[in-house]
Amino acid sequence: MGNTSMDELIVKINNMEKKAKNLFPVMRKISIDMKNQTMKNFRQEKDPEGKPWKKNRRGGKTLTKTSRLKHSIRPAHGDNYAMVGTNVKYARIHQYGGKIKAKNGKYLKFQYAKGKWASRKSVIIPKRTFMGISRKMGDRYEVSIGEYTIKLK
């Protein structure tokens, strides 16, 4: 009778090991949640930790003049990863901030308020982190992975 329970334990451990090698189902859920959290960041104009973005000078919602960046966010996942990303070229400068310099002419020309235009040799774009995992999200994902792996069915 003792062997039966040992055999059951070995089966359960083997099932946990198999699940740990293929986290695809839980990673899919996590990547979708990451996308939803990123959309929330755009709506609230805050970074993943809840820190407000620096307001833009033109007025209106920050990072959503055309909503192209917001609508480009896509989830991706596999057996051992979950992520969100975008293929929009200017995403990086908004995510990390930085300096933009004129390339094809002497000046950058841009609209900063209704009907008001400016010319500058360079501009500093403030960091406005829209993608990322907060500590709270990371803790939640860790629990989700643990629960998924431990389920013995």
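**Questions about a predicted model**

Modeller: In this predicted model, the largest nonpolar core has 19 residues, and Ile30, Met34, Phe42, Leu69, Ile73 and Phe130 touch the most other members. H2 and H5 each supply at least two residues of this core, and H2 gives the most, with 6 residues.

Colleague: Nice place to start! What does leucine 69 touch?

Modeller: Leaving aside residues up to four places away in sequence, leucine 69 touches Phe42, Thr86, Val88, Tyr90, Ala91 and Phe130.

Colleague: And why is H2 called roughly antiparallel to H5?

Modeller: The axes of H2 (residues 24-44) and H5 (residues 135-150) come within 10 Å and cross at roughly 160°. Angles over 145 degrees count as roughly antiparallel, so H2 is roughly antiparallel to H5. The crossing of H2 past H5 is right-handed.

Colleague: Which residues in H2 and H5 meet?

Modeller: From H2 come Pro25, Val26, Met27, Ile30, Asp33, Met34 and Gln37, and they meet Met137, Arg140, Tyr141, Ser144, Ile145 and Tyr148 in H5. By class, that contact has 9 nonpolar, 2 polar and 2 charged residues.

Colleague: Why is leucine 63 called buried?

Modeller: Its relative accessible area is 12%. Buried means under 20%, so leucine 63 is buried. Leucine 63 lies in the loop between H2 and helix H3 (68-71), and its phi is near 65°, a positive value in a residue other than glycine.

Colleague: What makes serine 67 buried?

Modeller: The cut-off is under 20%, and serine 67 has a relative accessible area of 19%, so it counts as buried. Serine 67 also lies in the loop between H2 and H3, with a positive phi of about 70° although it is not a glycine.

Conventions: Residues numbered from 1 in each chain as written. Predicted model: local features only at pLDDT ≥ 70, side-chain atom pairs only at ≥ 80, totals over all residues. Heavy atoms only, no water. Axes fitted to C-alpha atoms, helices over the stretch in contact; angles between N-to-C directions. Helix = DSSP H or I, 4+ residues; strand = E, 2+ residues; numbered from the N terminus. Parallel < 35°, antiparallel > 145°, perpendicular 65-115°, else oblique. Left-handed = near helix turned anticlockwise from the far one by under 90°. Contact = heavy atoms within 4.5 Å. Nonpolar A, V, L, I, M, F, W, Y, C, P; charged D, E, K, R; others polar. Core = buried A, V, L, I, M, F, W, Y, C linked by side-chain atoms within 4.5 Å. Buried < 20%, exposed > 50% of the residue type's maximum accessible area, 1.4 Å probe, protein only.
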